[in-house]
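Visitor: I am new to this structure. Please show me how to read its features, one at a time.

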Amino acid sequence: MLEIIENKSTFRSDELVKTAKRDNNSKRNYLLVNSMQGKHVPAQPLRVLRLFDELAETIKELCQSQRVLFIGFAETATAIGAAVSSHFESSVYVHTTREIRDEKYLAAQFHEEHSHAVNQSLYCRDFDKILSETDLIVFVEDEITTGKTILNFMSCLKQNPAFNNRIKFAACSVLNGADDERLSFLSVSGLECFWLMRVKAVPDSDEVYTGISSIAKERGLAYNEYILSSCADPRLGVSSCEYKKSCCDLAEKITSQLVQDTVRSAAVIGTEECMYPAIITAAFMAEKMPDADIVTHSTTRSPVVAENTPDYPLASRYSIRSFYDKDRKTFIYNSDVTAYDVVVVITDAVSNSYGKCMESIMSAFNKTQKFILIRWGEKS
């Protein structure tokens with residue numbers, strides 16, 4: 001059961017939240033899918049960024065004259081965090097990750113207990129220095145239910161020798177599912193919450209659902225590949241504005257290649273935690289090619305049941321070979337609904353098996369004939 005308590009956004013409630021069934025998850029058998037987030041469901045990028053702008057407005061007053069560290073949560077909120085933080089000129093942005101990075105940059109580890117992948121880590125260059133210069137830490141999420149994960153995270157950060165008790169905490173999310181009593185508890189615990197929509201979600205049953213991925217068939221298509229370098233790594237901490245600028249530069253380079261062709265429709269696909277560059281690129285394309293139908297979404301670790309039924313958000317599901325780990329299961333949803341002129345895949349993964357990864361992507365987008373792979377972050 002899903003109840004809308006409050007909607008402060010300019011979007012319809014059914015655009016921001018629909019209920020889907022988690023696959024084989026006995027801890028929480030449902031998932032709230034945001035159709036405007038550019039993650040699970042193909043979305044128009046300019047509307048995605050408008051949603052993120054509206055979320056940034058909710059914390060504008062709080063962040064004024066503050067030195068703010070924004071922390072986005074992997075993987076679904078990595079783009080939301082980047083977009084929200086970009087509104088605050090002197091802020092620093094870093095997102096948590098489930099990837100393994102250089103151990104010397106490890107700043108915190110914590111658990112997200114209801115998730116399909118419970119372990120998360122925070123890596124950051126010069127984290128002690130950043131903490132010493134921070135007045136406010138803002139956690140950015142797509143959905144907050146109990147806030148337990150964030151409280152766990154806060155406890156980890158407070159154990160850092162560089163942590164100063166004057167640092168305040170806040171959390172902003174598109175959806176907030178905490179009741180009044182829980183919000184009061186979070187406030188007493190030192191966490192002030194901001195949101196666009198408040199909801200009450202209760203599982204319809206205790207059933208553990210099982211989903212089946214469509215079988216990807218080899219197509220033997222070729223694809224164009226470009227390697228574009230970047231020094232902006234949000235998993236290790238970046239200037240929020242510099243990260244956005246890097247993504248905009250990337251978008252301009254990609255679009256300059258495509259505007260030479262007749263593109264009437266395109267999908268720009270991010271890989272797992274690498275969402276924001278895809279959304280920015282898709283938005284840039286939409287502005288430069290206003291007559292084209294441009295959408296964006298991403299591959300994900302989240303296993304969700306697909307059902308081709310009215311009002312259910314996820315009509316199809318394909319298993320996709322992860323660009324980051326050959327043994328990892330990842331998925332993409334609603335990829336076979338539209339025949340695009342081109343699908344652009346943007347990844348920051350360092351891999352030796354791009355061909356096999358792209359083969360699975362091309363199989364999932366089985367109505368599309370042209371594909372481009374952008375490897376961003378490596379030295380060209």
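## Reading the packed helices

Guide: Start with a pair of helices. This is a predicted model. Here α2 and α9 pack with their axes 8 Å apart, at an angle of about 120°.

Visitor: How are two packed helices described in general?

Guide: Two numbers are used: the angle between the axes and the distance between them.

Visitor: What does the angle say about α2 and α9?

Guide: Angles of 65 to 115 degrees count as roughly perpendicular, and those over 145 as roughly antiparallel. The angle here is about 120°, so α2 and α9 are oblique to each other. The crossing of α2 past α9 is left-handed.

Visitor: Which residues of α2 and α9 meet?

Guide: From α2 come Pro 45, Leu 46, Val 48, Leu 49 and Phe 52. From α9 come Ile 279, Ile 280, Ala 282, Ala 283, Ala 286 and Glu 287. By class, this contact of α2 with α9 has ten nonpolar residues, no polar ones and one charged.

Visitor: At what angle do α2 and α4 pack?

Guide: Helix α2 covers residues 45-58, and helix α4 covers residues 78-85. Their angle is about 60°, and their axes are 9 Å apart. They are therefore oblique to each other. The crossing of α2 and α4 is right-handed.

Visitor: Which residues of α2 and α4 meet?

Guide: Phe 52, Leu 55 and Ala 56 of α2 meet Ala 79, Ile 80, Ala 83 and Val 84 of α4. The contact of α2 with α4 holds seven nonpolar residues, with no polar and no charged ones. Note Phe 52: this residue meets α4, and Phe 52 also meets α9.

Visitor: How far apart are the axes of α8 and α9?

Guide: They lie 8 Å apart. Helix α8 (residues 240-258) packs on helix α9 (residues 276-288) at an angle of about 50°. The two are therefore oblique to each other. The crossing is right-handed. Residues in the contact include Tyr 243, Cys 247, Ala 251 and Leu 258 of α8, and Tyr 276, Ile 280, Phe 284 and Lys 288 of α9. The contact of α8 with α9 has twelve nonpolar, two polar and three charged residues.

## Reading the backbone

Visitor: Which residues does the cis peptide bond join?

Guide: Look at Ala 74 and Glu 75. Omega is about -5° there. Glu 75 sits in the loop between β4 (68-72) and α4.

Visitor: What is phi of Asp 126?

Guide: It is near 55°. That is a positive value in a residue other than glycine. Asp 126 belongs to the loop between β7 (119-123) and α5 (127-132).

## Reading a pocket

Visitor: What shows where empty space is left?

Guide: Roll a probe the size of a water molecule over the atoms. Now take the second largest pocket: about 400 Å³ of space lies in it.

Visitor: How many residues line the second largest pocket?

Guide: The lining has 21 residues. Arg 101, Asp 233, Arg 235, Asp 348 and Val 350 lie nearest the centre of this pocket. By class, the lining of the second largest pocket has eleven nonpolar, three polar and seven charged residues.

Note on methods: Residues numbered from 1 in each chain as written. Predicted model: local features only at pLDDT ≥ 70, side-chain atom pairs only at ≥ 80, totals over all residues. Heavy atoms only, no water. 1 Å grid on protein atoms, 1.4 Å probe; cavity = no way out; pocket = protein on both sides within 12 Å on 5 of 7 lines; lining within 4 Å. Points joined across faces, edges and corners; volume = space filled by probe spheres on them. Nonpolar A, V, L, I, M, F, W, Y, C, P; charged D, E, K, R; others polar. Axes fitted to C-alpha atoms, helices over the stretch in contact; angles between N-to-C directions. Helix = DSSP H or I, 4+ residues; strand = E, 2+ residues; numbered from the N terminus. Parallel < 35°, antiparallel > 145°, perpendicular 65-115°, else oblique. Left-handed = near helix turned anticlockwise from the far one by under 90°. Contact = heavy atoms within 4.5 Å.
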